[in-house]
Each structure stands twice: as C-alpha cells, then as structure tokens.
Amino acid sequence: MLDESKQLSPHIPEKLKKETISRLREMGVTPNSLRGKEVLDIGAGDANFARIAKAKGIRVTSLEKYPEHNFPEGLPVDIPYVVGGAEEMPFENESFDTIISLAGPPSSVEHIADIERILKEALRVLKPGGEFRFTIHPGIFLSALWNDDPPVTPEEFKRFSPMQVSARSQAKAEKYYSEFLPKLLDTYHVKRKDLIDDYNPKRKWQLCILKRK
C-alpha cells in the first residue's frame, strides 16, 4: 500500500502526518470524499489537516479561536486560515459541503452551552446535504466543568485531598458524557459510532455525524 504521508508537505513531522491520516480514515474521511468540496476544519490548531489536504489538491479552510498558540508571529498565508470560534462562525449561510473537527468539540468547549451553539452553527454554514464529522473522547476532562460549574471552590480545595477533588471532578465529567451529551446529540439526530484508537486500544471514543437535510 502506498504510504500517503510521503507525499505530504515536508515540514509536517512524519509521525504527525501518519497520525492525522489515520484519524481521518477512522472518521471516514478520504481524499476522494473531499475532492471538489468546500471543507471547513474547526479547531484547526496548526492547520496540519489543511496542508495535508492541499498537497492532494483539496481546499480546506481552517478555523481557530486561538491562533497565537500555534502562530505567535502571524497567521499562515499559504492556506485559508480564519480566526474565530465554532460557536459563532464568521461565515455566510450554506458555505461548506463538509465540516471536520479532529479536536472533538464536545471535549474541548469552554462552556457546556457552547456544544449546542456549535451544532446550530454547523447546520447554518452547511450546504443542504452537507455533514459535520467530529469525535467524542469520554476520557478527556472538560475545562467547561470548571468554567460553568467548578467541582470545588478555592476554600474547599484547601480542605480536600487531591483524591477527593479528582473524584468530584470525575463524577461531573461522567454525568456530562453519560447523560447531558447523549440527550443533546439525540435532539439534533447526530449519528454515533464507537471506534477503537489505534494508538491506545483501551481508549474509548466515538465518531459523530450531523447531517443537514
């Protein structure tokens, strides 16, 4: 089998190329599925996905809320790179055929209410028949749990042991992943599929697909 990573932009580390390609394949994303389409990558970070796609003649617009983390000296000019958050996308209605998020919005939002905002925004910027593919990683602790509903106050933190703090945090995370999130995704008819992480077989995650009719 041809090693696709050999054909990609040379400045991307070889290991990262392979991991990105592997994750995209697991999500059902291939060059043929994207070719000729307007594609958006939300939570794009350093835009590796966009550069990998560009090497195959596929246009991907990268959306990133905090570009300074990856580009402190200025935004890239070799690919479409837009500053903004997925909960309020700076795009016109029906701009994209496909939206991809390798970062997994349900695990990376700053506020729990942002999840529904992201789903609504995805439906707004998708063309009819388009789809939004993202992932859920239940093992990841949410910063949103601290921002929206801190597991402990500073005063409590002084009294509790680290193990007690961790247990309370974990309980809130489990409730989020087992109760709140499934109900919300069902409301928006998001299809979900369990996947196995090639790099850590014990790690659980899910592929989610939101389609616009």
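Helices (H or I, at least four residues) and strands (E, at least two) are DSSP runs, numbered from the N terminus. The model is predicted: local features need pLDDT of at least 70, side-chain atom pairs count only at pLDDT 80 or more, and totals for chains, interfaces and linings use all residues. Residues are numbered from 1 along each chain as its sequence is written, and side-chain values use heavy atoms, without hydrogens and water.

View A. On a 1 Å grid over the protein atoms alone, a pocket is an open set of points where a 1.4 Å probe fits, with protein on both sides within 12 Å along at least five of seven lines; lining residues have an atom within 4 Å of a point. The space in this second largest pocket is about 360 Å³, a volume being that filled by probe spheres set on points joined across faces, edges and corners. Its lining comprises 19 residues, with Gly43, Glu64, Lys65, Ala86 and Ser108 closest to the centre. At least two lining residues come from each of β2 (60–64), α4 (105–108) and α5 (114–125).

**View B. Lining of the largest pocket.** The largest pocket holds about 410 Å³ of space. Among its 19 lining residues, Leu16, Thr20, Arg23, Leu102 and Ala103 lie nearest the centre. Helix α1 contributes the most to this lining, with four residues.

**View C. Helix α8 and its kink.** Helix α8 (residues 162–187) has a kink of about 35° centred on Tyr176, the bend being the angle between axes fitted to the seven residues ending there and the seven starting there. After α8 comes His189, with a positive phi near 55°.
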